[in-house]
Amino acid sequence: MEITMKEKSSKEVRVLEATSNGYKVVVNITTEGGRVISLNGSITPSKTTEEYVGGIGFSAYKRDGAWYTDLNGASNAEHATVSALAVAAVNYAVGKYETAA
């Protein structure tokens with residue numbers, strides 16, 4: 001009798017949290033087989049009140065070997081700061097959880 005084993009990989013979901021420059025950053029990252037298949041998150045002021053609704057969302061995707069980060073919901077005044085936070089969070093998550101394939 002011959003037995004053939006096939007390896008299946010499962011998806012792994014992680015949530016990373018950090019605070020920086022007065023903001024809380026949450027990153028949701030899903031990997032499968034050493035590749036990031038989904039990466040998104042949110043940025044909110046560290047000291048939010050109950051009246052605070054919404055937040056700033058971001059998502060990232062890979063195209064032609066480079067990572068791109070889209071940002072939604074940032075005011076013009078805070079755009080540069082939160083954009084830098086989102087890009088740093090994406091770069092950290094990709095560096096930590098995506099293996100060379």
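Patches consist of residues with over 30% relative accessible area and no salt bridge, where like charges are joined within 9 Å and nonpolar side chains (Val, Leu, Ile, Met, Phe, Trp, Tyr) within 5 Å. The model shown is predicted: local features need pLDDT of at least 70, side-chain atom pairs count only at pLDDT 80 or more, and totals for chains, interfaces and linings use all residues. Residues are numbered from 1 along each chain as its sequence is written, and side-chain values use heavy atoms, with hydrogens and water left out.

**View A. A nonpolar surface patch is made by Met1, Ile3 and Met5.** The patch covers about 500 Å² (Shrake-Rupley method, 1.4 Å probe). Methionine 1 lies in the segment before β1 (11–20) (strands are DSSP runs of E, at least two residues; helices are runs of H or I, at least four). With a relative accessible area of 96%, methionine 1 is exposed (exposed is over 50%, buried under 20%, partly exposed in between).

**View B. Tyrosine 61 and tyrosine 68 form a stacked aromatic pair.** Their rings lie 5.4 Å centre to centre, with 10° between the planes (rings pair if their centres lie within 6.5 Å, and planes under 30 degrees apart count as stacked). Arginine 63 lies over the face of tyrosine 68, at 4.2 Å from the ring centre (CZ of Arg within 6 Å of the centre and within 35 degrees of the ring normal).

**View C. The largest nonpolar core has 21 residues.** Such a core joins buried nonpolar residues through side-chain atoms within 4.5 Å. Val25, Phe58 and Leu71 are among those with the most contacts inside it. Eight residues, the largest share, come from α1.

Conventions
Rings of Phe, Tyr and Trp (its six-membered ring) pair if their centres lie within 6.5 Å; planes under 30 degrees apart count as stacked, over 60 as edge-to-face and the rest as tilted. A salt bridge is a side-chain nitrogen of Lys or Arg within 4 Å of a carboxyl oxygen of Asp or Glu. Buried means under 20% relative accessible area, exposed over 50%, partly exposed in between (1.4 Å probe, protein chains only).
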